[in-house]
Amino acid sequence: MRILVSGGWGFLARGLVLPLEVAGHAVRRFDVQEGDRTGDFIRGDVARLDDVRSAVKGCDALIVAHMAPRSPDAYATPEICFDINVRGTANLFFAAHEHGIRRAVLISSTATISGYPKPWRHDLPGDRPAGLYGLTKACQEQIARFAADSYGMAVAALRIGYVVDADRMRDKYGREVGERNEMDCDRRDVGEVARRWLEGDWRGFEIFPVMSTHEAMDSCDLRHTCQWLNWEPRYDFDRLPTPDPAKAAARRSAKSERTPS
Ligand SMILES: NC(=O)c1ccc[n+]([C@@H]2O[C@H](COP(=O)([O-])OP(=O)(O)OC[C@H]3O[C@@H](n4cnc5c(N)ncnc54)[C@H](O)[C@@H]3O)[C@@H](O)[C@H]2O)c1
């Protein structure tokens, strides 16, 4: 398959593509930034339908993995984040449908359900989002569901936790991660789940929690993903120490004040 990955030079995408490439799939990156310009890359803006139409040509599958920039300005008002995250996602699914693409993965987030108490079931409707970021992710899930219902596409929404490079134990901002978080997940585990969905003969719309820790099996219903896709996380975070419960609670409450991950 030739797989279009929006936000292809982003932190998540750079690791997510590895299991796809190892399995022999061709990856086309689509991004506003140039990255290292290697391989099959199309520069463009997801918010511009013409750019997106050019990007999908010749592709067989879609992975939506872009997001509005990390600057706080992008999430201070709905303008930028809705343009990129929501309009961009609608453009991608629309152009993919026009082009006859039948399989897709949306990179979603647990930010769509953070208002629900744990344990989280995989099929929570995604209607209790955190902040404008979570709201854009909830809208993305609705667009993905619409693409399954109206365009007949097979679409998986991967509700991923906190992405950490398990080799370097660093997050997307380069911050060192010194303690376990049940929602830690490695980019290659996310890519492997995406691969299993895209290679399978699935129909409709499904939601999959994706983390790499054994705690998430029950607390985030990761078991559902493992059973459905016959998968298990490869990159655990067991060597990190468990956090002090009081410090973890304080951090959670500070994080809920912040914008996106
Ligand atoms: N990093 C995490 O911990 C985390 C957690 C949960 C969900 N996610 C999700 O993972 C996905 C990727 O996030 P990330 O952490 O890799 O972010 P990132 O900022 O590293 O990557 C996003 C990419 O999107 C590109 N992009 C931005 N605007 C664009 C536009 N208009 N057109 C085309 N491309 C554009 C950027 O240039 C960048 O390469 C997002 O959907 C995010 O919601 C990430």
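How many bridges join strand 5 to strand 6? Select residues 103-109 for strand 5 and residues 154-160 for strand 6: 7 bridges join these two strands, which run parallel. Strands here are DSSP runs of E of at least two residues, helices are DSSP runs of H or I of at least four residues, both are numbered from the N terminus, and two strands pair if DSSP finds at least two bridges between them. Within this pair, Ser109 stands opposite Ile160 in strand 6.

Before going further, note that this is a predicted model, in which local features need pLDDT of at least 70 and side-chain atom pairs count only at pLDDT 80 or more, whereas totals for chains, interfaces and linings use all residues. Residues are numbered from 1 along each chain as its sequence is written, and side-chain values use heavy atoms, with hydrogens and water left out.

Colour the chain by pLDDT, the predictor's confidence in each residue on a scale from 0 to 100. The protein chain averages 94, and 96% of the residues score at least 70. Confidence is highest in strand 4 (residues 61-64), at 99, and lowest in helix 8 (residues 245-257), at a mean of 67.

Now widen the selection to the open sheet of 7 strands, whose order is 3-2-1-4-5-6-10 and whose pairing is parallel. Its edges are strand 3 (40-43) and strand 10 (205-210), each of which pairs on one side only. Neighbouring strands of this sheet are turned by 20° against each other on average, direction ignored; axes are lines fitted to C-alpha atoms, for helices over the stretch in contact, and angles run from 0 to 180 degrees between N-to-C directions.

Select next the open sheet of 3 strands, which has the order 8-7-9 and mixed pairing, with strand 8 (170-171) and strand 9 (184-185) at its edges. Strand 7 (residues 162-165) pairs with strand 8 in the antiparallel sense over 2 bridges, and Asp165 stands opposite Arg170. These two strands form a hairpin with 4 residues between them, and Met169 in the turn has a positive phi of about 50°. Strand 7 and strand 9 pair in the parallel sense, also over 2 bridges, and there Tyr162 has Asp184 as its bridge partner. Helix 5 lies across strand 7 and strand 9, at about 115° to strand 7.

Finally, show residues Leu18, Pro19, Val22, Ala23, Arg188, Asp189, Glu192, Arg195, Trp231, Glu232, Arg234 and Tyr235, which line the second largest pocket. A pocket is, on a 1 Å grid over the protein atoms alone, an open set of points with protein on both sides within 12 Å along at least five of seven lines, a cavity is a set where a 1.4 Å probe fits but cannot get out, and lining residues have an atom within 4 Å of a point. Helix 5 gives the largest share of this pocket's lining, 4 residues.

The search of the whole structure finds 1 cavity of 30 Å³ or more. Its lining can be shown by selecting Thr110, Ile113, Trp120, Arg121, His122, Arg159, Pro209 and Cys220.

Definitions and conventions
Contact means heavy atoms within 4.5 Å. Grid points are joined across faces, edges and corners, and a volume is the space filled by probe spheres set on the points.
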